[in-house]
Amino acid sequence: MQVRYFTRNGSIYTQTIEHEREYWTAEDKDGNLRSLVGGIHIALAKLRELVREYPSTMLDQTLCFDVGVEAEFFEDAKREKYTGPVEIEETVIFFLAKREHDRYGIGSSSVIERVESEE
C-alpha cells in the first residue's frame with residue numbers, strides 16, 4: 001500500500017507499507033528525494049499542542065539531538081495520528097530524519113492539500 005501526501009508548498013511525502021513495514025520518503029518541489037526514519041500524518045493544532053506540552057529546554061535542541069529525546073517526542077506524536085479527511089482540519093506530516101553521526105532531526109511539512117492512496 002502507498003499513500004502520497006501533497007503539500008501546499010509542492011512537496012510530496014510518501015508512506016509505503018510492505019510486509020508490515022513502513023517506509024517514508026520526502027520529495028521537494030524540485031524533485032529531490034530523501035528517505036525519512038518515520039512520518040506521521042497529524043493535525044497541525046495537535047502538533048502545536050504537543051510542542052507546548054514538552055519542556056522548552058528539550059525542544060530547543062530539536063535540530064540535532066540524540067535519538068532518545070526525539071524518539072520519545074515522535075512516539076508521543078504517533079498517538080495523535082490524524083485519520084480524518086484533510087478538508088476538515090489543517091494537517092501536516094511530522095517526520096523524523098537521520099542526520100550525520102547517529103543524530104536525528106524532526107520537522108514538519110507545509111499543510112497537506114491532497115492525499116492519494118494506492119493498494
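Trainee: How many residues apart are Lys78 and Glu75 in helix 3?
Mentor: Three, so about one helical turn separates Lys78 and Glu75 in helix 3 (residues 67-78). Helices here are DSSP runs of H or I, at least four residues, and strands are runs of E, at least two, numbered from the N terminus. Before we go on: this is a predicted model, where local features need pLDDT of at least 70, side-chain atom pairs count only at pLDDT 80 or more, and totals for chains, interfaces and linings use all residues. Residues are numbered from 1 along each chain as its sequence is written, and side-chain values use heavy atoms, with hydrogens and water left out.
Trainee: What do the side chains of Lys78 and Glu75 meet in?
Mentor: A salt bridge, 3.6 Å from N to O. The rule is a side-chain nitrogen of Lys or Arg within 4 Å of a carboxyl oxygen of Asp or Glu.
Trainee: New topic. Where do Glu113 and Arg8 lie?
Mentor: Their side chains form a salt bridge, 3.8 Å from N to O. Glu113 is in strand 8 (residues 112-118), and Arg8 is in the loop between strand 1 (2-7) and strand 2 (12-18), 105 residues apart.
Trainee: Which residues are linked in a network of salt bridges?
Mentor: Arg8, Glu90 and Glu113.
Trainee: How many salt bridges by this rule?
Mentor: Seven.
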